[in-house]
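Student: I am new to this protein and would like a guided tour. Could you take me through it step by step?

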Amino acid sequence: IEKNQMNFRKLGNTEIKVSTICLGTMTWGEQNSQNDAFEQMNYALDQGINFFDTAEIYPSPCFEKTYASTEKIIGNWLNKKKERDKVILASKISGPGLPWVRGGGQQYSEQNIKEAIENSLKRLQTDYIDLYQLHWPERKTNFFGRLGYKHKEEETHNFNGSWNDFEKILITLGKFIKQGKIRYIGLSNETSWGLSKFLEVSKLKSLPKMMSVQNPYNLLCRTYEIGLAEI
């Protein structure tokens, strides 16, 4: 692909234009070295790719000893390259489950979101993240990595236990948008019901809208849906 042939699309209803090819980074620090990562980012940028996706838990497979290594590598590259304005940077806050990430429990409280954003900004050596995503749901449901999960009646219609507080999450993320630390928000590994619920709450309560969803579509690829329609 030549640089002048790269296609760009708006990210959801934002004015941000992202390349239709997004550079994934989840092997950097485990299967790939920092030098490898620098070469890949340089090449991607030279080809017109401006959309980089990472997460606080990368690299994958996820181990405590390499936790957040990918963000650190990207931060080192950004600091060296001095071209932050040429990159649309996406990252993610981990969902529950990994004991070395804030204790492994429910992650989407205001304090945990604050801590995750602040630490990602430090590692990435930037003042802002363009697209900040919830990596997977807190509630018990099917999603990437847990496919085949069998719902129980008490966890669906009449569930009274721990559940995503959609409104509170959006209120919290909105605070960091107002502070300029994140520009837009999105989802990853979310169900169609969860996506619909976030969009419904944002519309009813006039809260920030999820602008993208990054989900698995087959065994070989993951992709962004970057044109979410109004509901």
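**Around Ser-91**

Tutor: Setting aside neighbours within four places in sequence, Ser-91 is in contact with Thr-54, Ala-55, Glu-56, Glu-71, Ser-120, Ile-129, Leu-131, Tyr-132 and Gln-133. Contact here means heavy atoms within 4.5 Å. This is a predicted model, where local features need pLDDT of at least 70, side-chain atom pairs count only at pLDDT 80 or more, and totals for chains, interfaces and linings use all residues. Residues are numbered from 1 along each chain as its sequence is written, and side-chain values use heavy atoms, leaving out hydrogens and water.

Student: Is Ser-91 buried or exposed?

Tutor: Ser-91 lies in strand E5 (residues 88-93); helices (H or I, at least four residues) and strands (E, at least two) are DSSP runs, numbered from the N terminus. Buried means under 20% relative accessible area, exposed over 50%, and partly exposed in between (1.4 Å probe, protein chains only). The relative accessible area of Ser-91 is 0%, so Ser-91 is buried.

Student: Which residue has a side chain joined to that of Ser-91 by a polar contact of 2.6 Å?

Tutor: A polar contact is a pair of N or O atoms within 3.5 Å; within protein, one must be able to donate a hydrogen and the other to accept it, and residues adjacent in sequence count only if both atoms are side-chain atoms. At 2.6 Å, the side chain that joins Ser-91 in this way belongs to Glu-71.

Student: Now the loops, please. Is Lys-82 buried or exposed?

Tutor: Lys-82 is found in the loop between H2 and E5. Its phi is near 60°, a positive value in a residue other than glycine. Since its relative accessibility is 61%, Lys-82 counts as exposed.

Student: And is Asn-189 buried or exposed?

Tutor: Asn-189 sits in the loop between strand E7 (182-188) and H5. Phi of Asn-189 is near 55°, again positive in a residue other than glycine. Because its relative accessibility is 4%, Asn-189 counts as buried.

Student: What is the omega of the peptide bond from Ser-60 to Pro-61?

Tutor: Pro-61 lies in the loop between E4 and H2. The peptide bond from Ser-60 to Pro-61 is cis, with omega near 5°.

Student: Last one: how are H4 and H5 oriented to each other?

Tutor: Helix H4 (residues 166-178) and helix H5 (residues 192-205) pack at an angle of about 65°. Angles under 35 degrees count as roughly parallel, over 145 as roughly antiparallel, 65 to 115 as roughly perpendicular and the rest as oblique. H4 and H5 are therefore roughly perpendicular.

Technical notes
Axes are lines fitted to C-alpha atoms, for helices over the stretch in contact, and angles run from 0 to 180 degrees between N-to-C directions.
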